[in-house]
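Subject: Handing over the structure

Hello,

Here is the structure I promised to pass on to you. Please have it open while you read my notes below.

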Amino acid sequence: MKRAVSATAGRLWPNATALVLAAGFVFPVYWMFSTAFKPTRDIITDEPVWFPFHGTAEHFATAVRAPHFWTLAGNSVLVTVLAVGLSLVIALCAAFALTRMRFRGRRGILLTFMIAQMAPWEVMVISIYMIVRDADLLNSLAPLTCFYMLMVLPFTLLTLRGYVAAVPRELEESAMVDGCSRRQAFLKVVFPLLAPGLMATSLFGFITAWNEFPLVLVLNKEPAMGTLPLWLSQFQSQFGDDWGATMAAASIFAVPILILFLFLQRKAVGGLTSGAVKG
Amino acid sequence: MKRGLMAATAAAGMLVSVAACGSGDGGTAGADGFKGQKLTVWVMSGSNPAQWTKQVSEQFEKKTGATVEFKVQQWNGIQQKLSTALSEDSPPDVVEIGNTQTAAYAEAGALADLGDLKKEIGADWNDAFNKASLVDGKQYALPWYAGNRVVMYNKKIWRQAGLKGTPTTRTELFKAFDTIKKKTDAEPLYLPGQNWYFFDGLTIGTGADLVKKQGGKWVSNLGDPKVAKAMDIYRQYQAFSTAPKNKDEATPQQAEVFAKGRTGAVIAMGYEAATAVKADPGIKKDIGFFTIPGETADKPEGVFLGGSNFAVAGMGKKQELAKEFLKVALSKQNDGQMVKESGWTPKSADLAGAARQNPAAAAAAPAAEKSGGTTPLIPQWAAVENVPNPIKSYMTAVLGGKSPADAARDIAPEINARLAKQ
Amino acid sequence: MAAQLDDAVGKAAPRTGKGGGPPGRRTPRPPEHGAVRPPAGRTPRSAAPGSSARRTPYLLLLPALLATAVLLGWPMVRNLLLSFQNLNMKELIQHLTDWRGTGNYQEILGSEQFWRVTLRTLVFTAVNVVLIMVLGVLIGLLLARLGKKMRLTLSLALVLAWAMPVIAATTVFQWLFDSRYGVVNWLLDQAGWHAMAHYDWVGTQLSTFSVITVLIVWQSLPFVALNLYAATTTIPRELYEAARMDGAGTWQVFTSVTFPFLKPFFLATTFLEIIWVFKAFPQIFAINEGGPDRLTETLPIYAFTEGVGNLHFGMGAAISLLTIVVLLAMTAHYLRLTLRQERHEENEL
């Protein structure tokens, strides 16, 4: 009896804490979405309007009707997907080499990537601009994709390194005993186990590339060659911040990432063969 | 990046000048030579009103056979964008540059000399408007529009307070504010501590210079007693408001605060009325304007003429065509359209008629004419206004109780550092 | 999420340095490694020369190294060159190169402002990273303790916070902490703390930093918490049971089992968090642009304001390079540890 009570009490405080924390973490996200639906007069109020009872879609209309919205959205998606995809492939190859193989310069190369993680991209904008300008590659999505890919590469590589290292060699070896070549062993056995690692790094990469502003501002000035962050910045202008439109735009801006996460997580769950791992 | 430039210099066109515009005279040999070309013009978001844009495009096309493409730019990051764009092989042909930035770009060698063009089309423009486009006496841009602040007031609240008519001196204005405070529960004035362009106007009113030359270099002159006097006037205004002392008029948008209907007045640009109406259409009938009164009834308070100029990119390949565009865009008719449509201040005396059709412009005109001024027109000034703006810090410090002399002394190193760099 | 995390498991934790590996996970290696392998497989370590085998790692690394050299190395070199130039608007527009020698560096290193900002950045980073790691670990442990449903709920909330675009999050926080219309002040006022009714959060250095810290910690915690949770699921139950049988209390279990097991995870995550917090830009810039009076400027903001914002690119380049030096100093310890670990790993191959 006593044990049951303390067991319940034992479950109570973690659950209560968890609820409070969940509410705390979600609140700003909720606030963004709810403000997006509020009419302007409900946004600047002395008493907070907790729920958009007089909900309106006008801010979303404003946000979407901005010039070139759909083109910019397409550009953002294209550039981000390519950048993240490329970085995953490149990082995975490199991670594999760095964990499974022995060769000269291995530590030096690892150090290089760790330092690359520290690159001060915001201030390097001008150097990059001059390089791209002089190579006559302005207003193109290609340089943008390449640089975004590299902004994400070090983190992806370092993280995947951990995931690859965590897969026991025995799995590869037993696959090879069964007749696979090294490459096949990798693809059939190791790769599926990296799913969660790939998910985490691709989500991070997506967020980074999706949000980037300083570089695209100077590289792609042609309105139709820009990306969504440029679109998002227009709602805070010298006419003052249109909070409703800003939040609506921010909500639209955030949705793809959230969708991506939900999609990825389901895929990752499917691809796991827990038995082989836990051994 | 909230700037108060928006001076609409609208030349009340709709007058005779249509004739001057349309004909392809002026010996532009090779009007056929322009056929099929495309001119790129960068304008800032909100600068070019719809009807004006339509008119200018049509007239330009008719005159030269070339087309014009207006590319609207956002304020965020515009400095970086513009600087890099002007360094490219094919920069935009014509660009809008704010008053406070023009000298800096001219100094950097980015803009073409437009002296001849000014003589041709701008002989009668108000000098105050043109000053910002001059560097060392040379004309590097042409003024497009400029405007200045007025008092935007809530007629309903003023009625409630029993006030009749509008004040013509500062003393009367403060008395009106007092009355509103006593007789209604509205806030007489919403004035945050960092409405820097309003403060700049006050320094123009007291005849103060914000910078001075010392040993061949420009340094801060905020310690000047005239500046302190202007700040004191600001302080008196600010005392009527509970707005935060360390925010500017755009955070939050003062027009939106005004739109709630519990504010007696704001010091605003004419276009802010539209912002208020957007937030609450019901406020429209209660909006009124009057000139910011000075110490005496015959001289309105000093105002900062904020505005934008059109400049031609020095490295552009279509400079002749660009000049043709300017002749069209800055014609009397189109300048007048700017006044009528956006409420900008008339650029020359003959446009006064157009101003009368727009209450904000009508309120702004007398001040522009008699007490208009600008920020220091030296290339180094642009850097001072970069975020974070040190003058705003000075204002907050004084409003927070620091003596103007101390506050000026504290902020001088920052300002001097910015003025020192080219 | 939970299921996938369960299996993601120690994948988050690099395999290195597990104190006393669990019995089932690693089969003890026979001394002659090569003998176990069937002739059909390829053994990189075997005597078989196969020049292709020797080349493979370099081939695999080539794309990454090439990309880094071109897309990062080259701009960095350019940046280095710029730092010795006087590059302002005029030089940029007219494509001029105006060498200044070490003038930029002298100016910065001689300015009191730079050293003050550096110190401020170090303190700021330290405070934030400590908060993130401590709270993150606690929440991670909480996740381990919860039942499946609650865990999923909390995980979802965490991910929403993490995935929210930084610009949007910063804007919302500005709004929440607004002095007149913000929710935070309203709540504080309702709770009885009336002095806070119109409190100006960006009025002083400390309060501005508080808002920024809440924002950064809020958005960084999920990464740490979720990864920690995943890592804890790799710890075999046997160790816990053994510890409890020896009479260990909760804290001792943590220090004797959890912490040592997860040390590599802690190191890796702390390394990343130090870098991310140090380089944080939009959060600080948007809240008050480094104000009031430039008192919340950290090195990245300082570099931007001096450099890009004022269009003094040469100066900005110099500051950015100094920034990397500072960051290297901060992470030197971890870099050294990792490299030492690498040597172990390599020898074990």
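What follows is a walk through the chains, the contact between two of them, the salt bridges and a couple of backbone details.

One thing to keep in mind from the start: this is a predicted model.

**Chains A and C**

Let me begin with chain A, which has 279 residues, 61% of them buried. Its secondary structure comprises 14 helices and two strands. If you take the contacts in chain A with a separation of 6 or more, 70% are between residues 24 or more positions apart. The chain exposes about 10900 Å², and 68% of that comes from carbon and sulfur atoms.

Chain C has 16 helices and zero strands. It runs to 349 residues, and 55% of these count as buried. For contacts in chain C between residues at least 6 apart in sequence, the share joining residues at least 24 apart is 70%. Chain C exposes about 15300 Å², with carbon and sulfur atoms supplying 65%.

**Where C meets A**

Together the two chains bury about 10000 Å², of which 74% is on carbon and sulfur atoms.

How many salt bridges does the rule find across the interface of chain C and chain A? The count is one. The pair is C:R78 with A:D134, and their closest N and O atoms are 3.9 Å apart. The cut-off for a salt bridge is 4 Å, so this pair falls within it. Six residue pairs are in polar contact between chain C and chain A, counting pairs with both residues at pLDDT 80 or more.

Setting aside neighbours within four places in sequence, C:T338 is in contact with A:L110, A:M114 and A:R161. Its relative accessible area is 8%, so C:T338 counts as buried.

**Salt bridges**

Side chains of opposite charge can pair when their charged atoms come close. Over all chains, the structure holds 29 salt bridges, and I have picked a few for you.

A:K221 pairs with B:E88, the closest N and O atoms being 2.5 Å apart. This pair joins two chains, because A:K221 is in the loop between α11 (214–219) and α12 (228–233) of chain A, while B:E88 is in the loop between α3 (78–86) and β3 (94–98) of chain B. Are these two partners buried or exposed? A:K221 is buried at 7% relative accessible area, and B:E88 is buried too, at 11%.

Inside chain B, B:K63 forms a salt bridge with B:E324, with 3.1 Å between the closest N and O atoms. The two are 261 residues apart and link distant parts of the chain: B:K63 belongs to helix α2 (residues 50–64), B:E324 to helix α13 (residues 319–329). With a relative accessible area of 14%, B:K63 is buried; B:E324 is buried as well, at 5%.

In chain C, C:E107 and C:R100 form a salt bridge whose closest N and O atoms are 2.9 Å apart. Here C:E107 is partly exposed, at 36% relative accessible area, and C:R100 is partly exposed at 32%.

There is also a network of salt bridges that links B:E414, B:R418, C:R294, C:E297 and C:E306.

**Two histidines with positive phi**

Most residues other than glycine have a negative phi. A:H68 has a positive one, near 65°. You will find A:H68 in the loop between α3 (58–65) and α4 (69–100) of chain A, where it is partly exposed at 37% relative accessibility.

C:H95 also has a positive phi, near 60°. This residue is in the loop between α4 (89–94) and α5 (103–110) of chain C, and C:H95 is partly exposed, with a relative accessible area of 41%.

Happy browsing, and do write back with your thoughts.

Best wishes

Methods. Residues numbered from 1 in each chain as written. Chains lettered and ligands numbered in written order. Heavy atoms only, no water. Helix = DSSP H or I, 4+ residues; strand = E, 2+ residues; numbered from the N terminus. Buried < 20%, exposed > 50% of the residue type's maximum accessible area, 1.4 Å probe, protein only. Contact = heavy atoms within 4.5 Å. Areas by Shrake-Rupley, 256 points an atom, 1.4 Å probe, with all protein chains shown as cover. Buried area = accessible area lost by both parts, 1.4 Å probe. Salt bridge = Lys/Arg side-chain N within 4 Å of Asp/Glu carboxyl O. Polar contact = N/O pair within 3.5 Å; in protein donor to acceptor, adjacent residues only side chain to side chain.
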